[in-house]
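This report goes through one protein chain, beginning with a single residue and its surroundings and ending with the overall fold. The sequence and structure are shown here for reference.

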Amino acid sequence: MTWSARQYSTFEQERTRPVRDLVAAIPGRAAGDVRLAVDLGCGPGNSTEVLAQRFPDASVMGVDNSEDMVETARQRLPTISFTLGDIGTWSPAERFDVILANASLQWLPDHAALYPHLVSMLAPGGSLAVQTPDNLQEPAHRLIREVAANGPWAHKVGTLQLPARHDASFYYELLQPHCRTVDVWRTTYYHPLAGGPAAVVEWFKGSALRPYLQRLDDAEKAEFLKRYLAAITQAYPALANDTVLLPFPRLFVVATR
């Protein structure tokens, strides 16, 4: 799946707020104790910037599998090292004091193996900080699946399955044997999006719609988006000022080794 840094960054302020909350929850360390920090699935660098601001004395790097994202991040933060790579198979020689994964691990399968693997990449006292959208049952996602299954493109995308996501107890029980502390919480953000229901469609064109649209030709994409907009208009009516308040639940995990 290819990514567009420009499309993803359309709602940068809203997308960055959760990572600020996540990074702020990483346990405090004495100045200089955090030597190495990495942002896995760094995207256009907005989350990496938050990480570097929290730990200004650390050597910070970013990893992403999208050339467009990595190039955008390099332009944004030229003093930070960004690498093109698969975070699902990431296995560096060194151990990290902080591993950040903001809205990236939900695209990967087998969290039962992935999360303990990431913890094993931590130095003693290091923290794994993860935020994943917890919105597969929200109308925006349910309507994507309905449009996919009930159109002429059903043979292409009707049975498309995203990797499984899990609840807070799954991650707590998974990580608790490997960590000194595990902090798990869920927050629903209400993002005001100017532009009515069309803005909701634009938001998800930067994320959840991508695996569906990339399997369609141009005519199918246009019709898919038309039907999705009609459904979104019913599910997310605009307020009096033509703003839609988009509820967006997210799951947070901070596990310290």
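## Asp64 and its surroundings

In this predicted model, D64 touches G41, C42, G43, M69, V70, T83, L84 and G85, when residues up to four places away in sequence are not counted.

D64 belongs to strand β2, which covers residues 59-64. Its relative accessible area is 7%, and D64 counts as buried because that value is under 20%. L174 is 110 residues away from D64 along the chain, and the C-alpha atoms of the two are separated by 25 Å.

## Ala73 in helix α4

A73 sits in helix α4, residues 67-76. With a relative accessibility of 0%, A73 is buried.

Outside the four places on either side in sequence, A73 touches G43, P44, G45 and F82. G43 is also on the contact list of D64. Between A73 and E49 there are 24 residues of sequence separation, and their C-alpha atoms are 9.3 Å apart.

Most residues other than glycine have a negative phi. A103, which is not a glycine, has a positive phi near 55 degrees. D110 is not a glycine either, and its phi is positive at about 55 degrees.

Both A103 and D110 are placed in the loop between β4 and α5. Are they buried or exposed? A103 is buried, with a relative accessible area of 17%. D110 has a relative accessibility of 53%, and it counts as exposed because the cut-off for that class is over 50%.

## Helix α5 and what covers it

Helix α5 runs over residues 111-120, and its buried residues are H111, L114, Y115, P116, L118 and V119. Which elements cover them? The cover includes strands β1 (36-40), β4 (96-102) and β5 (122-133), together with helix α8 (168-175).

## Helix α9 and its packing

In helix α9, residues 197-205, the buried positions include P197, A199 and V200, along with V201, W203 and F204. These buried residues pack against several helices, namely α2 (12-24), α6 (139-149), α10 (210-213) and α11 (218-235). They also pack against the strands β6 and β7 (243-256).

I232 is in helix α11 and is buried, with a relative accessible area of 0%. Leaving aside neighbours within four places in sequence, I232 is in contact with A140, L143, P197, V200 and V201. P197, V200 and V201 are among the buried residues of α9. I232 and E146 are 86 residues apart in sequence, with their C-alpha atoms 12 Å apart in space.

The second residue is H191, in strand β6 (residues 181-194). H191 is buried at a relative accessible area of 3%. Beyond four places in sequence, H191 is in contact with E14, W203, V244, L245, L246, F248 and R250. W203 is one of the buried residues of α9.

## The chain as a whole

The protein has 11 helices and 7 strands. Its radius of gyration is 19 Å, close to the 18 Å that the globule rule gives for 257 residues, so the protein is as compact as a globular protein of that length. Taken along the principal axes, the C-alpha atoms fill a box of roughly 55 × 35 × 35 Å.

Of the 257 residues, 51% are buried. Among contacts with a separation of 6 or more, 79% come from residues 24 or more positions apart. The accessible surface is about 11,700 Å², and carbon and sulfur atoms account for 50% of it. There are 24 positive and 27 negative side chains, and the centres of the two sets lie 1 Å apart.

Key: Residues numbered from 1 in each chain as written. Predicted model: local features only at pLDDT ≥ 70, side-chain atom pairs only at ≥ 80, totals over all residues. Heavy atoms only, no water. Helix = DSSP H or I, 4+ residues; strand = E, 2+ residues; numbered from the N terminus. Rg over C-alpha atoms; globule rule 2.2 N^0.38 Å. Buried < 20%, exposed > 50% of the residue type's maximum accessible area, 1.4 Å probe, protein only. Contact = heavy atoms within 4.5 Å. Areas by Shrake-Rupley, 256 points an atom, 1.4 Å probe, with all protein chains shown as cover. Lys, Arg positive; Asp, Glu negative; His and termini not counted. Charge placed at Lys NZ, Arg CZ, Asp CG, Glu CD.
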